Amino acid sequence: MHRLTAFLPWLLLLAAMAAVLATGNGYYVTVAMLMMLWAILALGLNFILGYAGYFHLGLGAFYGLGAYGAAAFSASYQMPMIVALLVMPAAGALISVVIGPLMLRTRDLHFAVATLALGMIVSDVTNNWVAVTGGPMGMGGISRPGQIGIGALSIDGATTSGMFIITAAIFLALMIVAAIARRSDFVLILRGIKSDDMMTRSLGFSTTRYKVAAFAIAGAIASVGGVLYAHIVQYISPEPFTFFAASFQAFVVLAVGGLGSLWGPVLGSVLLTGLPEILEMDPHVKLLVYGAVLLIVTIVLPRGLASMGRVLSARARASANAKTKEKQT
Amino acid sequence: MQDIVNGLAQGTIYSMAGVGLVLIFSVVRVPNFAHGEPLMVAAMLPLTLMTFYGVPLPLALLIGIAAAIAMGVFFSAAVFARLSRYPEVALLIVSLALVVLISSAAVMLWGDSPRQTPGGPDIILDLLGARIPIMWLVIMVTALASTVALDFFISHTSPGRIMRAMALNPFAAQLMGIPVKRYHALAFAIGSGLAGLAGALFSLAFAVQSTMGAALALKAFIVIIFAGMGSIWGAFAGGLLLGLVESFGASYISSGYRDTFGFVFLLAVLLIRPAGLFARKTNA
Amino acid sequence: MADVLRIDNLSAGYGHATVLRGVTIAIEAQSTVAIVGPNGAGKSTLLKVISGLVRPMAGEVRFRDEDMARWSSDRVVASGIVHVPEGRQVFPGLSVAENLWLGGYSHPERRQEILEDVLTLFPRLRERLSQAADSLSGGEQQMLAIGRGLMAAPAVLMLDEPTLGLAPVIIDQMTEALMALRARSNLSLIVVEQNLQLTRALCDRAHILVDGRIAASGATEELVGSDVMKIYLG
């Protein structure tokens, strides 16, 4: 019985994806792709923030890294997307491994400020290093992946639906990785670090190594997101990778969905991407609503949407207890 | 020389913001990322008051600063005081949410383009080989004077002593029967007021815009991290240092990267001395 | 004699952990009461509930027959209940005089008068008025903490482990001062202590707190050091 409930969310997810594809509506399909992108970012952030408890506010830097790298490979060197998909996460991970040990020496607030600064530095660089990044004008001419597969089973990346399938495949792969990772010793140790770093260290674990690994994973996954973004939209500029446009939103998606949960990123992303689209919100209104939602969720549901089930059932139990106590007295 | 003057002028703005944040952070222990918003409001409001309501400049500036103070009290009473039993994590998130809320509202209200408050004195002095607009001198003198005043307040007045006690041992302070929430609000009021003063003066000399709050809050944090979180004069010095770093960087390397220098400097400080340059031992 | 403090079926704790379960105590006015028990029994938590630092989950706390469970800590102090916490908790870097000054926050008009009283009670503090509080010895800091509590003109003074970690000579001095306080007609004392000798000398009544519950209450003479106590405290 337990097994069945475990598979249910996956089935729902697949069904939802199939349904979106079936509509054939370019707009819906694109929105669904954006939802997946945000879920990917939140998923990556989960490793360093949700499990290890470190406030990485500079994920946009890695998101941008992936995107600009993909743009360079595709527009400047005419390489297929797969190259960027392999190289950029490695680059993101490598950079994280290099700066990680230094950055992770700081605690909570300092780390948050440091990653914030990192994000802003990268934003500034993308805006100013015109020769490489095209400055505020950005880079265009990124081509979609071509035909993949053989004959009847082929997917044409140039079409919206084709791109959707490719994105969905990568997204599902990452979700599976996340699901497996959740049960691994690695994540268990990260959780130990979150609850008591010193204690974990005294148990013999080199906490720095684990933290850097989590930081690197977050960076790598965000880079994958960036590559996808570049090939979906086919044009990039510094704007989508700033703190407000990327790091903050990924943060809200994860916080609202539920830090440290598996389905949190998906739930958060669906709500926070879908709702603004349905309501056709102006980007500034959208940001304002994000801020308000974050405020409300933090106060009412400190553990995010994914915990709602737990919170509701805990409340139900508490009131049932109170009722039985009344009956007894 | 011009670079030094530029650096000092901008730097003292950072100093004022930083000093205000030190006060808030030591007394209330809240990582107030929203500290730049009162500064922004005091920078943007005067022009609107002057053009749409014909308010004269001095009054417009005062109203802007009053608005900043009101925001600070609001943050304290309506937001952070109610969340005192929440983990620090949540307070961080809440203050980020406030930044987004307020700056988005500001952009909807005022648009995103840079502007300046007109009407300041426009005499330019030629001193020691540099061109110094008199407004910059006003800013520097005000920053120094307000820091001296705050220092005096903290060390020689009753409320100041109480706030010092709260910073040293919040647990014991509660047990003295000190109405902690009242002094939280006072710390926020003074700190945000200083930020507002900085913003109002800044708008007379430099360009300001609705989205400036976040970067400025980050710079204020940079300043207090330099100073090790507890030191008012350390924050003052840190602000000057940041201003100079930015000024020289912009001049000798590239002006587009102006903000970046400060951030890089911050990273450098954090990585070398994770506790800050002027870190003092306080009861955490 | 009327009860100055009454606690009825109090349950309290932190987050999901319940530390006190159904505690009932009545404290008579002008009495001196001891709360004893093993570590982790909830003694400090009990004091924190009374002083308003911890919210009760269930039960009542009444001061002079007023329900004070929801009072803020500043209201508690202003009403006359003062909590001198475990571990001195002086304000480091501030002088002895400044620490005492802060203690008098709730009764500023009586500061001078009470200060004289405190300095007479603890002459050592008079010598060290301008010294930084954290440069004092352990015993002196404890005296400062108690003096600071007295500055609030309490009707009920609660002391959490006042002799913890102090040398026997200092404990004797402390006992003298505490006995003087006990003799005051307008003061009720609640003392959480591990030092049984002091408890017997100082307190009329004792309550044994074990695992968040009151295991026994009675006259100190009979209870403290008795077989009953040995069972509970092992």
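Modeller: Happy to, and let's begin where two chains meet. In this predicted model, 39 residues of chain B are in contact with 35 residues of chain A. Two pairs of chains touch, and the pair A and B has the most contacts.

Biologist: How much area is buried between chain B and chain A, and what share do carbon and sulfur atoms give?

Modeller: About 3,500 Å² is buried there, and carbon and sulfur atoms give 84% of that area. The elements that give two or more residues to chain B's side are helix 4 (88-110), helix 9 (212-226) and helix 11 (258-272). Helix 4 of chain B gives the most, with 17 residues.

Biologist: Let's turn to a single chain. How many helices and strands are there in chain A?

Modeller: Chain A has 14 helices and two strands. Of its 329 residues, 50% are buried. Its accessible surface is about 15,200 Å², with 69% belonging to carbon and sulfur atoms. Now take the contacts between residues at least 6 apart in sequence: 74% of them join residues at least 24 apart.

Biologist: How do I read one helix, say helix 5 of chain B: what is its reach from first C-alpha to last?

Modeller: Compare the reach with the expected value. Helix 5 (residues 134-156) has 23 residues and reaches 32 Å, close to the 33 Å expected at 1.5 Å a residue. Its buried residues include Trp136(B), Ile139(B), Leu150(B) and Ile154(B). Among the elements of chain B that cover the buried residues are helix 1 (2-28), strand 2 (130-133) and helix 10 (232-252).

Biologist: Next, backbone angles. What should I expect of phi?

Modeller: Most residues other than glycine have a negative phi.

Biologist: Why does Asp65(C) count as exposed?

Modeller: Its relative accessibility is 57%, and exposed means over 50%.

Biologist: And the charged side chains?

Modeller: Side chains of opposite charge can pair when their charged atoms come close. Over all chains the count is twelve salt bridges. In one of them, Arg62(C) pairs with Asp65(C), with the closest N and O atoms 3.5 Å apart.

Biologist: Which parts of the chain does the salt bridge of Asp117(C) and Arg184(C) link?

Modeller: The closest N and O atoms of this pair are 2.9 Å apart. Asp117(C) is in helix 4 (residues 111-121) of chain C, while Arg184(C) is in the loop between helix 7 (168-182) and strand 8 (188-192), 67 residues apart. Asp117(C) is partly exposed at 28% relative accessibility, and Arg184(C) is partly exposed at 25%.

Conventions:
Residues are numbered from 1 along each chain as its sequence is written. Chains are lettered from A and ligands numbered from 1 in the order in which they are written. This is a predicted model: local features need pLDDT of at least 70, side-chain atom pairs count only at pLDDT 80 or more; totals for chains, interfaces and linings use all residues. Side-chain values use heavy atoms; hydrogens and water are left out. Helices (H or I, at least four residues) and strands (E, at least two) are DSSP runs, numbered from the N terminus. The expected span of a helix is 1.5 Å times one less than its number of residues. Buried means under 20% relative accessible area, exposed over 50%, partly exposed in between (1.4 Å probe, protein chains only). Contact means heavy atoms within 4.5 Å. Accessible areas come from the Shrake-Rupley method with a 1.4 Å probe; for residues, only the protein chains shown count as cover. Buried area is the accessible area (1.4 Å probe) that two parts lose on being put together, summed over both. A salt bridge is a side-chain nitrogen of Lys or Arg within 4 Å of a carboxyl oxygen of Asp or Glu.
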